[in-house]
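Below are some notes for a colleague who has not seen this structure before. Please read them with the model open.

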Amino acid sequence: DHREVIWDMAVAMNKELRALRDAGCRCIQIEEPTLHFWANTYGAKSDEVKFMVEAYNREVEGLDDVEIWVHTCWGNPNMQRVIENDSYRESFELYLNALRGDVWTVEMTDRNFREIELFGSLKGRLPKKVCVGVVSHRTLQADRPEDVAGRIRTALKHIAPEQLIISSDCGFGRQGCNRE
């Protein structure tokens with residue numbers, strides 16, 4: 001049963017994450033809970049998405065003393081998009097409110113900051129910090145400083161500075177460029 005496998009993986013990962021915490025790790029990024037994909041495919045209120053929220057929260061259970069980053073993006077390490085509908089609209093509330101964590105990382109640069117305005121109505125009152133990708137992870141060319149600065153200014157129009165973290169579109173990821 002695929003739900004049993006997912007649940008068992010969440011339990012196993014929780015043990016590993018607690019071991020990291022016990023070894024001194026104070027910040028952990030969880031890669032791609034994929035709720036944004038699932039919400040766009042099945043709907044945010046579907047049983048599939050509800051189960052995935054429960055599984056994710058089980059994975060990070062008991063880690064309240066660790067800063068948890070929830071990473072999302074819409075592409076793979078070979079710089080390809082993996083889904084046509086790359087909207088955060090369906091999963092917005094899930095990531096901000098239903099998932100345990102302290103920081104939500106969002107891909108913005110390679111989406112031309114589409115939907116950054118979703119954060120605007122909660123400016124200064126977001127339940128999590130938001131880490132906005134201001135450096136591309138899909139191009140081999142380095143982003144120009146003036147472009148990065150402009151992207152940060154765009155993010156600040158919608159997210160208060162004390163709740164904004166800036167990063168690459170791939171969060172802590174290292175796989176944005178082909179290793180060869």
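How many residues does helix H5 have, and what does H5 reach from its first C-alpha to its last?

1. This is a predicted model, in which local features need pLDDT of at least 70 and side-chain atom pairs count only at pLDDT 80 or more, while totals for chains, interfaces and linings use all residues. Residues are numbered from 1 along each chain as its sequence is written, and side-chain values use heavy atoms, without hydrogens and water.

2. H5 (residues 145-156) has twelve residues and reaches 17 Å, close to the 16 Å expected at 1.5 Å a residue. Helices are DSSP runs (H or I, at least four residues), strands likewise (E, at least two), numbered from the N terminus. The expected span is 1.5 Å times one less than the number of residues.

3. Val148, Arg151 and Ala155 of H5 are buried (under 20% relative accessible area; exposed is over 50%, partly exposed in between, with a 1.4 Å probe and protein chains only). Seen down the axis of H5, these buried residues fall within an arc of 60 degrees, so they line one face of the helix; the arc is that of the directions from the helix axis to the C-beta atoms. On the other side, Pro145 and Arg153 are exposed.

4. The cover over the buried residues of H5 includes strands E4 (129-135) and E5 (164-168).

5. In helix H3, the 13 residues should span 18 Å at 1.5 Å a residue, and the end C-alpha atoms are 18 Å apart, which agrees. Among the buried residues of H3 are Phe51, Met52 and Tyr56.

Terms used:
Contact means heavy atoms within 4.5 Å.
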